[in-house]
Amino acid sequence: MLQTWLPYILAGIAVGGQYALIAIGYTMVYGILRLINFAHGDVFMWSGLIMVYLITVLPLWVSVILVIIFAIVLGTTIEKVAYRPLRSAPRMSIMISAIGVSYLLQNFALYITGGLTKTYPEIGFLQKTIKIGSATTKMVTVITPVLTIVLVFLLVMLIKHTKIGMAMRAVSRDFETSSLMGIDINRVITVTFVIGCGLAAIGSVLYFSNYTGINPMSGAMPGLKAFVAAVFGGIGSVPGAVVGAFVIGICENLIKGAGWTTFSDAFTFVLLIVILMVKPTGLFGEKNIDKV
Amino acid sequence: METTLNKKTKSVLSVAAIALFLVFVYLGDIMISPGSSWKMLITVIEKGSIYALVAASMNLLNGFTGLFSLGQAGFMLIGAYTYAIFTIPAASHDAVYQYFEGGAIKWSIVEALEGSLGVFGHYLGMLIPMLGAGLLVAVIAFLIGIPVLRLKSDYLAIATLGFAEILRAFFQWNTLGPVTNGSNVLRKYTTYGNAIFPVLISMLCIAIILLLINSTYGRAFRAIRDDEIAAEAMGINLFKHKEISFVISSFFAGISGALLAMFQTTINATPFNTVMTYEILLIVVIGGIGSITGSVIGAFLFTAASEWWLRGLDAGRWLGISASFMRPGFRKVVFAVLIMLIVLFYSRGIMGDKEFSWDRFISGLKNLPANLKAWPSRRKAKAAAKREARAANAAARSRAKEAKASNEARKASGEALFTPLEVSDTVIVFDKEGK
Amino acid sequence: MDNREVVLRLSDITMQFGGVVAVDNLNLVVHKNEIVGLIGPNGAGKTTAFNCITGVYEPTNGSVEINGKVVIENHPQGKMKEAYKGRNAGKYTKAITMLPDKVTKLGVARTFQNIRLFKGMTVLENVMVAMHMNQTESVFGATFRSKKARTEEAAMRAEAEELLRKVELFENRNDLATSLPYGKQRHLEIARALATHPSILLLDEPAAGMNPQESDDLMKFIGRIRDEFDLSILMIEHHMQVIMGICEHIYVLNYGGQIADGTPAEIQANPAVIEAYLGGDE
């Protein structure tokens, strides 16, 4: 019994970790700006794409670092150019701007790649096979959850114990008041994007090394799933997003294991609908009372 | 200055304009030879009118009810498939469903009605599956709406976007192959003969949307958009009215899907993805959120630009400029940049939230020369205002810097500036212990 | 004491958010055609009480009775059971909730402290929206302008115009609601509430931001609409001049709790009230 399911569970944990790294970006940005950053999945896709180009001329570790830097620069630029000017505009405008950015990033990728699927480079040590119990799996399966947990732990420490973390918590609680209290809102938001995009870039290295190819639409589905994970965990909550991502990753792979591959994606959205019906604030979310 | 025409004159003008347009489309489609570059105009009108309908339906939700829905492509997909599946002639089934032994449905509504009713039956046979497509989509939207419309609008965006993605997978599922043809294209279904068909249907549907918006229900929708809490306090059942708007919007998205299927002559689920929804949304934005006229204008501009005016950007030659970076895909990049510029600097779109009116049109024409003349001085005034604002900003920045410096000094002298928050006081927290 | 029929009765209404008790055991009665005032310093829980009556919030404990029928009732449940700090926890057993639109249909209309007009709509449309709930035509009929829809629309328009005449806003009927001067926006909000055909009107600081002359006019206006529309009125107000001049009965809240109630004269002489407003000795 376990023997047949173990590989799927392992794969699920790995994918879950990758979703978690993307989901953190969504949940933090939503927590602070109340914005669904539709472009986040495309930043993730672009990180993968840049890796494809960089690895041809640079050694692996340099490429990975450059990819992370690239994602951070891209993410913060998007925030500066497309979100910051609209901060006082109606909330729908800023979401539309996010969609516009997503559209631009996808079309630009389409132009660069010529619409072709690019082969993602093989990263030697991630692909190494190892045995866990009865199952044989790749190194990436083991590294992902461990790395995810370590990064999340560091992030939580940052949020809890540093000054900028405190500022982030304050801003997520009350945007207006915290700016009146002398917190540099722009800096907090920039840091949020830096963290979110950096983690998404790391996630992209782990995620795409599982797949052979990458194309301009590769970011859409993992992005959506990561967002659902964030909603599932209670949007605004980092640990919630991580738990949500693991749940989605594991369930999705179990469904694949049961032979229902077509519906492994659909499951995510069924889960979304169910959680919204049962507990709209998500697993760890707090009830927000609108002032009247 | 203000020119007001009487109601009768306006109606006559409107009817005349519409009739003229329809005649132009009808004759244009017949008379312009397929090779001519002006044929492109007819194609743009066809496709533009289909997009105008779906954009108007999205505007009903986003612009008039304040619901941020992103399921339009998914709903079009259902509409397109429903129409196509029921109008493939019996004789073509074997060829179309070649991998599924001729498919499960062996008949066509068009043929069934043509047999007994002739030409009238032919068109009835097209209208019935089209209406059926709309109704099916409406029912599905109703079901999605039950859990999702009770929540904040953000969740609606994600749920509808996700639902559209599921649909694509579902329609390409091999098990459903005998009906949907799996991942293969559907083709050979009945399409229209003249471009006037989609134009007329779209016009009719958009007219219905306009009537709805100007009815008491439309007023309730706009109240919800402006202020949900106040609307509810005025006795408007939020859920019920959101459902109504969502279902009707989806119905028309389904119809436009059916029209798109006819326009394309073959369909496949793949292109009905998020990009398509984004494009529809961007049309609404270009035209102006909250203006149906805007959506129509936006749709025509969008189609004209992407199908016609910017084509050269993909082919390496545009407006006499040729460059090697103009290769396939470049058009869409330019396009996306243009749209971002509109979103950022011209967010009201072409029409804002105003609709077309003859009065405004005529006074606009009359004032055009004066406005043109005044343009340079207006621009100068604008630039001056901008300079002033920039100076004020700089002053504010320097003040902020001073304040910061004084804060730093106070901090250095050991004064507490604000009391730290409790860990448990926050939304972003790791554990909930102690809560 | 008062033989008039009771139209609104709050019994032991308590509203607790997390650990904060915003309204603590409020008992309040409004009789037919009475004008009742609800006063108290900022943050005393007055608006929260309004929100409990109109279904915006579910009270944590207590019940709301409208025209003799209990329409909202609650008791501490789930996590709140342990966290509950209020009184009378065991007194109520049922959990009846009601959405704001249903409360309005029962004849309770309200205005808002921070004026909430429909920004994108004209003055006339703002009033007509409030009549939407009383029209009976389906969407289909309304869209295709059935005879019934046209009759109802015409009736709505006529009534709305009549209402606007009464509040002296007829001249502005085609202006955008938000383009009106502040005082007129307040009047429009009241007119909009009246358009729902209420029997009870809740006014949340109607005189806020008004000068003495304007608040004097408003006071007369409120008295006039009470008679003309046969209303019972519960109002929150800070302007003592308005409250003392028009209310027959006044309730005073402080820190969520009810510290006094009585006639204006009684309230003015009440030491607890004076202390709440002026701050007592430490």
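How many Å separate the centres of domain 1 of chain C and domain 2 of chain C, taken over C-alpha atoms?

Mentor: The separation is 28 Å between the C-alpha centres of domain 1 of chain C and domain 2 of chain C. Keep in mind that this is a predicted model, and every value below is computed from it.

The domain assignment of chain C puts residues 1-107 and 198-282 together as domain 1, while domain 2 covers 117-197. The contact between the two domains involves ten residues of domain 1 of chain C and nine residues of domain 2 of chain C. On the domain 1 side of that contact, at least two residues each come from α3 (100-105) and α8 (212-228) of chain C. Sorted by class, this side of domain 1 of chain C holds six nonpolar, two polar and two charged residues.

Strand β1 (residues 6-17) of chain C runs antiparallel to strand β2 (residues 20-31) of chain C, and eight bridges join the pair. Within this pairing, Met15(C) has Val23(C) of β2(C) standing opposite. The hairpin made by β1(C) and β2(C) has two residues between its strands, and Gly18(C) in that hairpin takes a positive phi near 55°. β1(C) also pairs with strand β4 (residues 61-66) of chain C, again antiparallel, through five bridges. There Arg9(C) has Glu65(C) of β4(C) as its bridge partner. β1(C) therefore takes part in two pairings, because DSSP finds at least two bridges in each, and that is what pairing requires. In a regular strand, side chains alternate between the two faces of the sheet.

Now the chain as a whole. Chain C has eleven helices and ten strands. Its C-alpha atoms fill a box of roughly 65 × 45 × 35 Å along the principal axes. A compact globule of 282 residues would have a radius of gyration near 19 Å, and the 20 Å of chain C agrees with that. Of the 282 residues in chain C, 45% are buried. Counting contacts in chain C between residues at least 6 apart in sequence, 69% join residues at least 24 apart.

Chain A can be described in the same terms. The secondary structure of chain A comes to twelve helices and four strands. For its 292 residues the globule rule gives 19 Å, and the radius of gyration of chain A is 19 Å, so chain A is as compact as a globular protein of that length. The C-alpha trace of chain A spans about 55 × 45 × 35 Å along its principal axes. Buried residues account for 53% of the 292 residues in chain A. Of the contacts in chain A with a separation of 6 or more, 76% are between residues 24 or more positions apart.

Ile72(A) gives a local view of that packing. This residue sits in helix α3 (residues 60-83) of chain A. Ile72(A) counts as buried because it has 22 C-beta neighbours inside 10 Å, where the cut-off for a buried residue is 20 or more. Leaving out residues up to four places away in sequence, Ile72(A) touches Val194(A), Cys197(A) and Gly198(A). Val101(A), by comparison, is 29 residues from Ile72(A) in sequence and 15 Å away in space, C-alpha to C-alpha.

The largest nonpolar core has 286 residues, and the members that touch the most others are Ala23(A) and Val228(A). The element that gives the most to this core is helix α1 (residues 2-33) of chain A, with 16 residues. Val228(A) touches residues in two chains: among them are Ile248(A) and Phe269(A) in chain A, and Ile158(B) and Gly162(B) in chain B.

Terms used
Residues numbered from 1 in each chain as written. Chains lettered and ligands numbered in written order. Predicted model: local features only at pLDDT ≥ 70, side-chain atom pairs only at ≥ 80, totals over all residues. Core = buried A, V, L, I, M, F, W, Y, C linked by C-beta atoms within 7 Å. Buried ≥ 20, exposed ≤ 12 C-beta atoms within 10 Å, placed from the backbone. Contact = placed C-beta atoms within 7 Å. Rg over C-alpha atoms; globule rule 2.2 N^0.38 Å. Domains from an automatic or database assignment. Nonpolar A, V, L, I, M, F, W, Y, C, P; charged D, E, K, R; others polar.
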